[in-house]
Amino acid sequence: MAISAVKGFRDGLGPAACLSREIEEAAAGVLESYGFSEIRLPILERTELFARAIGETTDIVEKEMYTFEDRDGSLITLRPEGTASVVRALVEHHLDQKDSILRLYYAGPMFRHERPQKGRHRQFYQIGCELFGREDALADAEVLVCVRDILDAVGIPDARILVNSLGDENCRPAYREALRAWAERRQEGLCRNCIGRLGRNPLRILDCKVESCRETTAEAPVLRDHLCDPCGEHFAKVLAFLDGLGVAYTVDPRLVRGLDYYVRTTFEVTAEGLGAQAAVGAGGRYDGLVAQLGGPRMSGIGFAFGVDRLALALEAARPGAEERAGAALAPAIFLVSLGTEAEADALALARRLRALGVRVELDGGRSLKSLMRRADKLGASRVLILGEEEVAARRGTLRDMVGKKDEKLAVDFDLQGPALLDALGVER
Ligand code: ATP
Ligand code: MG
């Protein structure tokens, strides 16, 4: 019997893989223009890293982690997110001693044991970044502008950025108590999960996706009214910077995010066409996390985009995006070698063209008819035929598959560099 992939784990095939890569490259290009450099992180970490960084009472740690016992008995986890690993690497390699400001980005698969559905998989891809060592509102604004620039570069400018401030250790405790006291009087409207959360982490009730909880908490006190002066000023400054640039955002006073480590500015990006899984990205400030993981007192702010959801959003915004990305797979030249005499020349020519950056599909060993059929199927724009006669004359037969199908051109295939490309009519 054939073996299938594990539930929730998917193969990225052809056009879908192309689209994911285009999105990752667009996002990485923007991040690099902001001075972020890539960090390649391990996929496995010690389980305690996530328990400590993300928080014991979060969905991720409570029920979504892929945790295994390693052969030596230690507990390891497939990373569910990137920030904890970046901070672990910062602390482990004393990166703060090399520079007081760090800008790092990462990309790759993350793993969460969730119920698979549209836009929700057990292995999914993120691209994200972290900026360490800056506490000022300018840094928050810059990060949010970067989010907007990535959305523009990817091609979903209509995505919404929701922002909120979570306050800090000075003002959040009082709000947490106010919210808990309020929620204790409204328990009949809350799900069991939320009632359980009240004792340990009441803020999470604002994040619950159960409809009755959402309705109940619509009237809950909001953090914004409880911010201390420094937090309030910080938030106002961030928003003023965005207003100044005309970067669109919506303040969402209920946005709390699932992870415990956030303080002050927090945000989520939502897009149309994704159903219940509307969040394409999220992030925020986490000033205590580095110290919490044994490092220096160093503030941080960052975000992660879900690449799979960006792809869905892009397809919804611009139907055919995946197909268009897949079109890049079509060879510019379909090189046909007819008969054994032409094989060596065809192999050498294909290599020279590829070195010039041309996408070449080399094929042969069959009838011209079946080779032409395949060229058509691949969507090749040009076919270059090398057979016995062509090799003798050092002239290949070129067929333009897009326009004049019947017109054949004799092309000197010993030409070099740009002259060869021009003769073949391939764009440089
Ligand atoms: P959600 O509320 O949808 O569960 P989240 O708050 O758990 O999202 P984060 O931990 O903030 O998500 O991760 C950042 C982004 O990664 C999300 O906005 C989303 O685009 C993507 N993401 C998270 N979980 C998944 C998943 N299981 N499958 C696909 N993408 C995901
Ligand atoms: Mg989640």
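The exercises below, each with a worked solution, concern a predicted model of one protein chain.

**Exercise 1. Overall layout**

State how many helices and strands the protein chain has, and describe its extent and its domains.

Solution. Start with the secondary structure: the chain has 17 helices and 16 strands. Next, take the box along the principal axes, which for the C-alpha atoms is roughly 90 × 55 × 45 Å. Then turn to the domain assignment, which gives domain 1 as 14-171 + 227-322 and domain 2 as 331-424. The C-alpha centres of domain 1 and domain 2 are 47 Å apart.

**Exercise 2. Burial and contacts**

What share of the residues is buried, and what share of the contacts joins residues at least 24 apart?

Solution. Of the 428 residues in the chain, 50% are buried. For contacts, consider those between residues at least 6 apart in sequence; 69% of these join residues at least 24 apart. The accessible surface comes to about 20900 Å², and carbon and sulfur atoms account for 50% of that area.

**Exercise 3. Helix α4**

Is helix α4 (residues 83-92) mostly covered or mostly uncovered, and which elements do its buried residues pack against?

Solution. Count the buried residues: they are 9 of the 10 in α4, and the helix is mostly covered. They are Thr83, Ala84, Ser85, Val86, Val87, Arg88, Ala89, Leu90 and Val91. The packing partners of these buried residues include the helices α2 (47-54), α5 (95-98) and α11, along with the strands β2 (44-46), β5 (102-111) and β6 (123-132). Just past the end of α4, His94 has a positive phi of about 50°.

**Exercise 4. The second largest pocket**

Describe the volume and the lining of the second largest pocket.

Solution. The volume is about 620 Å³. The lining consists of 28 residues, and those nearest the pocket centre are Asp168, Glu169, Arg172, Val263 and Gly288. At least two lining residues come from each of α7 (172-185), β9 (263-270) and α11 (289-292). Sorted by class, the lining has 12 charged, 11 nonpolar and 5 polar residues.

**Exercise 5. Ala332**

Locate Ala332, and explain why Ala332 is classed as partly exposed.

Solution. Ala332 sits in the loop between α13 (321-327) and β12 (333-337). Its relative accessible area is 23%. Partly exposed covers values between the buried limit, under 20%, and the exposed limit, over 50%. Ala332 is therefore partly exposed. Leaving out residues up to four places away in sequence, Ala332 touches Val358, Arg359, Ser381 and Arg382. The C-alpha atoms of Ala332 and Ala380 are 5.7 Å apart, although 48 residues separate the two along the chain.

Key
Residues are numbered from 1 along each chain as its sequence is written. Chains are lettered from A and ligands numbered from 1 in the order in which they are written. This is a predicted model: local features need pLDDT of at least 70, side-chain atom pairs count only at pLDDT 80 or more; totals for chains, interfaces and linings use all residues. Side-chain values use heavy atoms; hydrogens and water are left out. On a 1 Å grid over the protein atoms alone, a cavity is a set of points where a 1.4 Å probe fits but cannot get out, and a pocket is an open set with protein on both sides within 12 Å along at least five of seven lines; lining residues have an atom within 4 Å of a point. Grid points are joined across faces, edges and corners, and a volume is the space filled by probe spheres set on the points. Helices (H or I, at least four residues) and strands (E, at least two) are DSSP runs, numbered from the N terminus. Ala, Val, Leu, Ile, Met, Phe, Trp, Tyr, Cys and Pro count as nonpolar, Asp, Glu, Lys and Arg as charged, and the others, Gly among them, as polar. Domain bounds come from an automatic or database domain assignment. Buried means under 20% relative accessible area, exposed over 50%, partly exposed in between (1.4 Å probe, protein chains only). Contact means heavy atoms within 4.5 Å. Accessible areas come from the Shrake-Rupley method with a 1.4 Å probe; for residues, only the protein chains shown count as cover.
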